[in-house]
There are 2 protein chains.
Amino acid sequence: MAEPNHRKGCFVGVDLGGTKILSGVFDHSLRPLATAKLSTKAERGPAIVLQRIARCIQDAVDEADLALKDVRAIGIGAPGTVDVSDGTVILAPNLDWHEVPLRRDLEELLEIPVQVENDCNAALAGIHAVELKGKSPCTVGIFVGTGIGGGVMMDGQLQRGGGYAAGEFGHVVLDLDGPKCSCGNRGCFEALASRRSLIQRIKTAVKSGESTLLSEMLEDLDSARSGDLRKAYRRGDKLVRKVVDDAAHCVGVMVANLTHVLNPDVVVLGGGVLDALESEMMPSIEEVTAQRVMGNARKSFRLMCSELGDLAGITGCAYLAKEFSV
Amino acid sequence: MAEPNHRKGCFVGVDLGGTKILSGVFDHSLRPLATAKLSTKAERGPAIVLQRIARCIQDAVDEADLALKDVRAIGIGAPGTVDVSDGTVILAPNLDWHEVPLRRDLEELLEIPVQVENDCNAALAGIHAVELKGKSPCTVGIFVGTGIGGGVMMDGQLQRGGGYAAGEFGHVVLDLDGPKCSCGNRGCFEALASRRSLIQRIKTAVKSGESTLLSEMLEDLDSARSGDLRKAYRRGDKLVRKVVDDAAHCVGVMVANLTHVLNPDVVVLGGGVLDALESEMMPSIEEVTAQRVMGNARKSFRLMCSELGDLAGITGCAYLAKEFSV
């Protein structure tokens with residue numbers, strides 16, 4: 001009798017975030033078998049985070065009724081600049097990591113091949129492999145969450161750039177005199193449409209006397225998640241509607257900008273803000289895009305929201321682990 | 001005795017612009033042998049323009065003491081969207097061309113293989129082949145002239161996008177509430193830094209009472225060329241300085257934006273405005289770029305001005321003609 005599919009070996013994807021680690025076990029066809037979650041505790045330093053990544057992988061493998069020896073390869077998406085040739089995290093501000101040899105250290109610890117990639121690149125690779133079935137040669141991914149990142153795929157290959165720093169869409173300037181960004185410039189996409197920037201705008205408005213349902217819903221506006229924004233939006237909160245609608249407009253402008261640079265076949269949107277507020281934001285994004293994208297670029301491209309949600313990152317990491325291990 | 005190099009066959013590059021046609025004959029090593037120039041007369045329609053392209057090619061070939069039979073292949077750069085697979089100009093607003101089968105018609109007329117390309121893509125290919133010696137895998141070209149265009153090269157290959165509309169940098173929005181652009185949107189790069197937009201700003205300022213040396217130098221401000229702007233700038237014209245300095249700032253922001261999207265090895269600048277005002281604009285462009293480009297993208301990229309000037313387009317067209325004919 002043939003072994004069940006996942007007994008032939010499975011692949012693990014890990015999404016390493018600033019606050020949490022998400023891991024998932026996938027079979028050969030990239031079907032998810034189990035996931036696990038753990039807080040990152042980045043403040044304890046890279047060595048401890050490494051132990052927690054290993055524990056989170058072990059948890060997911062256990063959950064799938066498998067053992068580490070069944071894992072053929074591991075892919076990890078890190079929130080920063082990654083030298084994919086040797087798996088070093090060059091810079092990850094949210095983790096306060098500089099030049100951390102993640103692949104080397106994790107391979108030593110687990111004795112399993114490890115592939116490290118930028119988290120947004122990994123998510124784009126996952127969406128491309130699973131949702132787009134590997135079609136769409138030129139695909140751009142825009143991920144709007146706490147911050148904003150992205151990825152570029154040409155001829156079906158991730159384009160990382162000469163310094164592994166391509167796809168930093170959050171720091172594309174859309175508004176020369178716009179609000180200050182954490183990077184020091186003004187009017188970056190991230191300062192206009194990230195969850196952090198939306199909450200900042202809401203807080204500023206509340207200070208100057210405007211009201212929002214979020215003040216009743218939450219003890220602290222800073223703790224507002226994208227799901228809270230959705231609830232307030234649906235309950236008719238004027239301030240939240242204004243702020244979210246403006247963000248949707250900016251996402252539309254960004255889609256048009258990237259279309260004028262690369263004329264991709266597909267632009268895919270994802271990330272916590274868009275996952276939670278898709279039905280609120282997409283009509284406006286589509287309208288802005290339809291108005292602004294010119295001529296032949298308009299005819300030839302498709303705009304879509306990823307349906308993988310949180311799973312995009314770990315799916316992509318498992319995909320990259322599989323790609324590099326065969 | 002060996003024949004002189006160009007007797008082995010030469011290549012012709014043609015830069016088809018809205019107002020003039022420039023053609024050049026190149027030897028096998030892409031050294032220019034002769035050039036010729038003719039007005040386009042686009043208003044007379046595609047069939048007449050085709051005749052004029054042929055005449056301009058004939059003029060350059062004559063000038064080089066060669067005959068049409070010595071021409072191995074012709075490359076043409078057209079100011080619009082080009083389907084390079086069949087050499088059709090899909091859309092060229094400055095010529096008022098829609099779906100003109102330029103390759104087919106010119107091959108019929110001259111019985112020489114013809115390659116058609118977008119003019120900015122051709123210029124980038126020429127700069128990449130001749131100035132960068134084919135190195136620099138990921139290269140981005142920004143061409144600031146009457147309008148603004150560009151090109152993207154990855155792994156040494158032009159990236160045209162799914163609808164042959166990549167590299168339309170002129171319509172990347174940098175300023176959400178910026179000045180109106182001819183495309184209908186606001187704050188496009190072209191509405192902030194093209195020669196047309198600079199002259200528009202100067203005219204508006206003059207109407208509201210400001211003065212400029214250009215009013216003494218020229219009968220009509222609309223006729224101001226980039227060289228006129230340079231003269232006025234060097235003679236200390238405050239209005240021209242302000243307008244040109246603002247444009248340089250925007251070019252710097254655009255360089256940073258493209259660096260955050262693609263993390264290229266080289267960003268090359270060209271076009272009439274930058275050719276004429278290089279020493280006035282580059283310090284500011286470099287300063288803005290150094291301030292804004294983040295982390296690893298900054299370390300890994302080089303910013304340069306092309307030295308080919310007007311010849312970039314025809315050199316690139318000759319290069320593409322040669323590439324496709326061997």
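**View 1. The surroundings of A:Glu280 in this predicted model.** Setting aside neighbours within four places in sequence, A:Glu280 is in contact (heavy atoms within 4.5 Å) with A:Arg230, A:Tyr233 and A:Arg234. With A:Arg234 there is a side-chain-to-side-chain polar contact at 2.6 Å; that term takes a pair of N or O atoms within 3.5 Å, where within protein one must be able to donate a hydrogen and the other to accept it, and residues adjacent in sequence count only if both atoms are side-chain atoms. A:Glu280 sits in helix H9 of chain A, residues 272–292 (helices are DSSP runs of H or I, at least four residues, and strands are runs of E, at least two, numbered from the N terminus). A:Glu280 counts as buried because its relative accessibility is 13% (buried is under 20% relative accessible area, with a 1.4 Å probe and protein chains only).

**View 2. An open five-stranded sheet in chain B.** The strands run in the order S11-S10-S9-S12-S13, with mixed pairing (two strands pair if DSSP finds at least two bridges between them). At the edges are S11 (157–158) and S13 (302–305) of chain B, each pairing on one side only. S10(B), residues 148–154, pairs with S11(B) in the antiparallel sense over two bridges.

**View 3. How the two chains are related.** Rotate chain B by 180°, with 0.0 Å of shift along the axis, and it superposes on chain A with RMSD 0.0 Å (least squares on C-alpha atoms of residues with pLDDT of at least 70 in both). The two copies are thus related as by a two-fold rotation axis.

**Notes.** Residues are numbered from 1 along each chain as its sequence is written, with chains lettered from A and ligands numbered from 1 in the order written. Local features need pLDDT of at least 70 and side-chain atom pairs 80 or more, while totals for chains, interfaces and linings use all residues, and side-chain values use heavy atoms, leaving out hydrogens and water.

Terms used:
Buried < 20%, exposed > 50% of the residue type's maximum accessible area, 1.4 Å probe, protein only.
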